[in-house]
Amino acid sequence: MDSKVVQNESLDLKKDIFQKCFKFTIAYELQKIGMYPYFRVIESAQGPEVIMNGRKMIMIGSNNYLGLTNHPKVKEAAINAIKKYGTGCAGSRFLNGTLDIHVELEEKLAWFMRKESALVFSTGFQVNLGVIASLVGKDDVVIIDKMDHASIVDGCRLSFGEVKRYKHNDIEDLERVIKECEEKPKLVVVDGVFSMEGDIVKLPEVYQICKKYGARLMVDDAHGIGVLGETGRGTAEHFGLEKEVDLIMGTYSKSLASIGGFIAGDKDVINYIKHFGRAFIFSASPPPASIAAVSAAIDIIVSEPERRERLWKNTNKMLKGFKELGFDIGVAETPIIPVIVGEDELAFKFVMMLQEEGIFANVAVSPAVPPGKALIRTSYMATHTDEHLDKVLEAFKKVGKALGVI
């Protein structure tokens, strides 16, 4: 007899919290028919090509924009850090887990982001949880773009403040929302580059609204750092607003070749977050290898601007190529290029057919995207060659025509 049935004999099924788990079968169903596009196992480094099931694939599903995760200097820095400090810190930053390299990286990040101070976290997700929840109290308001990252949404949920949303990148709607809470302390939180749409926040306009109504401004620049700006410092540099943006958040898992995150801003604000951010205080310290890798990655971003130039050459090639083939790429304008295909089932078919063609891409379906707007999320690296990209476009053309998308 099914063990779940035995366990449930003494339970009122309506009161069994596990019932939702037993009813969730769609993943099993997709796995049975070979249409499940998640948790695919990669057997190599995250480069422009990866190995999956012993087969070489062109990777267009990675956020390794500058191709630094496999850079010799980054790997050497991580290895040397392990040799000196071991594999972990065995505690939180607040107590025993602060190493000299944590402090050195915070100083380097503050310099790189042109802010007074910075604070490193163990994951990017935790940055948004810790910063928003610590700053936004019961008498405050946090205002977010409807397409902001899930970590921003969860940070708002953990705060005791009022949460308001405005239509994606819609400045008139932002002003409408911010007017409703004109008399309250306010924090506006936006993505610099939106991770599904691939568009850039209208930062000058957002800043002007914040200035007009006395709101503080935080930019989650996970996908902008290393990509945007004259020297790769991100969205604020791209628009010449580094001094005007109050807080800049970044992650290491994109251009900075590791895992973790940081917040940069005024010294007093960072000091407050350091002492009140629960996601920071009650989390284990980032491991030495991660910290050393990020430090080396920043050095490379500064010393090798040609990487960013190649990234944009590749990005512009793919933006043009998808449009010429007749695909709908929405408002994409960065190395994140979504190919909108429509229904969820069609998106599953599309991404698995791409896999058969030797292309590893990601899929996003509802509720991650609006119903009927399922997409193939592609992203590009400085290390992709023209040959890689030509093969990608050929594969999309073949699959797109086979499925009637183009």
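In helix 14, the residues Arg 307, Arg 308, Leu 311, Asn 314, Thr 315, Met 318, Leu 319, Gly 321 and Phe 322 are buried, where buried denotes under 20% relative accessible area, exposed over 50% and partly exposed in between, with a 1.4 Å probe and protein chains only. The model is predicted, so that local features need pLDDT of at least 70 and side-chain atom pairs count only at pLDDT 80 or more, while totals for chains, interfaces and linings use all residues. Residues are numbered from 1 along each chain as its sequence is written, and side-chain values use heavy atoms, with hydrogens and water left out.

Helices (H or I, at least four residues) and strands (E, at least two) are DSSP runs numbered from the N terminus. The buried residues of helix 14 pack against helix 13, strand 10 (336-342), strand 13 (374-379) and helix 16 (386-402); contact here means heavy atoms within 4.5 Å. Gly 326, with a positive phi near 95°, follows helix 14.

Most residues other than glycine have a negative phi, and most peptide bonds are trans. The bond from Ser 366 to Pro 367 is cis, with omega near 10°. Asn 53, not a glycine, has a positive phi of about 55° and counts as exposed at 65% relative accessibility.
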